[in-house]
Amino acid sequence: EMDIGLPWKRESIEKWIKEIIRRNKLLDARVRVTVTRGQNNYKFTTSKNPTLTIICERLVPNSKLEQGISVSTMKLQRLLPEIKSMSLISMVVAYRRTVTTGDFEMIFIGSNNKVREGAGSNVFIVKKGVLYTPAREILQGLTRKRVLELAKKLHIPVRIKEMSASA
């Protein structure tokens with residue numbers, strides 16, 4: 001949808017990521033690959049000079065996640081949630097709200113009162129042994145994909161469906 005051609009081969013990008021991780025001696029790392037349209041004189045319909053940035057940082061375990069966290073909800077949704085973009089305004093608004101609520105995460109509630117996703121996380125609910133996750137208007141990212149793969153491998157039933165915030 002963004003129509004940004006990649007002048008780099010996937011194999012090259014993977015090699016660069018592995019090299020950055022190796023040089024920084026990272027065992028557990030968060031990797032963020034960002035591709036932009038590059039400098040195009042504000043011509044947003046072209047992408048002649050895309051730029052690539054690779055950020056690798058040490059992944060620090062958060063003990064709060066093992067103990068359980070508090071969340072709140074807010075009526076907000078990312079613009080084009082299916083695309084992981086650099087537009088982080090929804091996350092900024094949500095995390096600023098957590099400062100006043102004291103919560104760890106803010107869950108976005110979209111149109112028709114449907115649960116979407118966390119400001120920086122996926123939403124999964126386990127109910128009677130079934131794993132539920134929202135179906136639409138969310139980032140179909142790598143972490144979500146991996147959780148769904150693991151559920152399948154562990155024979156955990158999964159339901160991908162719309163979920164009401166009032167349920």
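**Ground rules.** I'm looking at a predicted model, where local features need pLDDT of at least 70, side-chain atom pairs count only at pLDDT 80 or more, and totals for chains, interfaces and linings use all residues. Residues are numbered from 1 along each chain as its sequence is written, and side-chain values use heavy atoms, with hydrogens and water left out.

**R144.** I found R144 in helix 4, residues 142-153. (Helices are DSSP runs of H or I with at least four residues, strands are runs of E with at least two, and both are numbered from the N terminus.) Is R144 buried or exposed? R144 is buried, meaning under 20% relative accessible area with a 1.4 Å probe, protein chains only. I looked for a salt bridge (a side-chain nitrogen of Lys or Arg within 4 Å of a carboxyl oxygen of Asp or Glu) and R144 has none. The nearest side chain of opposite charge is E117, 7.6 Å away. Skipping neighbours within four places in sequence, I noted R144's contacts, among them N122, F124 and I160.

Next I traced an open sheet of three strands, ordered 3-4-5 with mixed pairing. Strand 3 (71-75) and strand 5 (115-118) are its edges, each pairing on one side only. Pairing here takes at least two bridges found by DSSP. Strand 3 runs parallel to strand 4 (residues 105-109) over five bridges, and T73 stands opposite I107 in strand 4.

**Whole protein.** I counted out four helices and eight strands. Of the 167 residues, 25% are buried.

How values were computed
Buried means under 20% relative accessible area, exposed over 50%, partly exposed in between (1.4 Å probe, protein chains only). Lys and Arg count as positive and Asp and Glu as negative; His and the chain ends are not counted. Contact means heavy atoms within 4.5 Å.
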